[in-house]
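Thanks, everyone. I have one structure to go through today, so let me put it on the screen.

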Amino acid sequence: MDITNAPLEQALVRLSDGHMMPQLGFGVFKVDPGEAQALVADAIRAGYRAIDTAKAYDNEEGVGAGVRDSGVPAEEIFLTTKLWNEDQGYDKTLAAYDASARRLGLDTVNLYLMHWPHPQADLYVETWKAFVRLQEEGRVTSIGVSNFLPEHLERIIGETGVTPVLNQIELHPKFQQHALRAFHETHGILTESWSPLGQAQILKDDTIVGIADKHGKTPAQIVIRWHLDQGIITIPKASDRGHMVDNLAVGGFALDEADMAAIAALDDPNGKIGPDPKTF
Ligand SMILES: NC(=O)c1ccc[n+]([C@@H]2O[C@H](COP(=O)([O-])OP(=O)(O)OC[C@H]3O[C@@H](n4cnc5c(N)ncnc54)[C@H](OP(=O)(O)O)[C@@H]3O)[C@@H](O)[C@H]2O)c1
C-alpha cells in the first residue's frame, strides 16, 4: 500500500496560548516499544502531523526515532507527551520532563500533559507550577492536562492563574462528556478525546454501521468525523496500516442532523471504558 498518497485531514486548531495544533493526530498507547519507530515513521509519511505518546507508554524512544526516520522535519511534527503519576511534585516533574525530552531526542516538546490528577497524592497543584515554569523557560511550548475533573481544573487555575490549553479525556459516542465539555468551554480549554473509537468497540454498533453504509464510509471514519465536527481534537490509534490511512480519509463528506441525533442517543451513563480520575 502506498501510504504517502493517503488523503489528508490537516485542520489546525488554535490553543489559548496562541499556538496551533493539528485537530487530528495519531495515538500510540499500547504500541510495543520495538514497533513504535516504524509505526510513527509510517504515520507521518501517511500524512499525520501530530503524535500522542506518554512516559507510561514506554515508547518515547521509538516515537522520537520514528519522527527522525519519517523524512519530515521535526519542526513540522506536533509532539505530545505526558508526565506519569509517580513523577508528580515540583522537582520530580522538572526532572521527568528532561528525561522524556532525552528519550524522545527532541529539543522541545509541543505539548506536555499531566497524565492524571492523581488526587490521592495531592501533588497536582505543585506539579502544575512546575509545568508553568517549563513553559516560561521555553522548554515546552504548550501545557495541558489529562483526565482532570472540574474540581481539579478549578484548583490549578485558582492557585496559579494559568489555565491548561486542553484537557485530554475519555470521549467517544458511548461516553460523550457533555458536562465536562461545557465546563471547558467556559474556561477556554479545548477538549481532546482519548479512546475516540471506544477502543474499536463502538465500530460494531448498529447505528454507527448504518450511518457508515449510508455515506459509503467506514465506521471509524464516521466516528472521527463526529469528533472533528464538534471541534474536538482527537488521536485515534492504529497499528494496522490500513486503519492508519482510513482514519485520515475523513474529508469530503458531512454528517447530517439525523446522523448527529442518532449518535447523540448512544451516550450511555455506563459507557466509560477507562479508570475513574477520582481514584486512579
Ligand atoms: N490520557 C489518557 O489517559 C489516555 C488513555 C488512553 C488512550 N490515550 C490516547 O488516546 C489514543 C487512542 O486511544 P486508544 O488507543 O485507547 O483507542 P482508540 O483509538 O479508540 O481505538 C484503537 C483501536 O481501534 C482499532 N482501529 C483503529 N482504526 C480502525 C479502523 N479504521 N477500523 C477498525 N478498527 C480500527 C485499532 O486497531 P489496530 O491497532 O489493530 O489498528 C485499536 O484496536 C491512545 O493511543 C493514546 O495516545 C490517552
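I'll begin with the ligand. There are 28 residues around it, and those that come nearest are Gly 27, Phe 29, Trp 194, Ala 220 and Lys 237. By class, the shell around the ligand holds 11 nonpolar residues, 13 polar ones and four charged ones. Keep in mind that this is a predicted model.

Next, the sheet. In general, the strands of a sheet pair through backbone hydrogen bonds, in either a parallel or an antiparallel sense. Here eight strands make an open sheet, and the pairing is parallel. Reading across, the order is β3-β4-β5-β6-β7-β8-β9-β10. Its edge strands are β3, residues 26-27, and β10, residues 233-234, each of which pairs on one side only.

One pair inside that order can be given in detail. Strand β8 covers residues 166-170 and strand β9 covers residues 190-194, and the two pair in the parallel sense over five bridges. Which residue of β9 is the bridge partner of Asn 167? That is Thr 191.

Last, a helix pair. Helix α2, residues 60-69, packs against helix α3, residues 90-104, at an angle of about 45°, and the axes are 7 Å apart. On the α2 side the contact is made by Glu 60, Glu 61, Val 63 and Gly 64, and on the α3 side by Ser 100, Arg 103 and Leu 104. Sorted by class, that contact of α2 with α3 has two nonpolar, two polar and three charged residues.

I'll take comments now.

Technical notes. Residues numbered from 1 in each chain as written. Predicted model: local features only at pLDDT ≥ 70, side-chain atom pairs only at ≥ 80, totals over all residues. Near = placed C-beta within 6 Å. Nonpolar A, V, L, I, M, F, W, Y, C, P; charged D, E, K, R; others polar. Pairing = 2+ DSSP bridges. Helix = DSSP H or I, 4+ residues; strand = E, 2+ residues; numbered from the N terminus. Axes fitted to C-alpha atoms, helices over the stretch in contact; angles between N-to-C directions. Contact = placed C-beta atoms within 7 Å.
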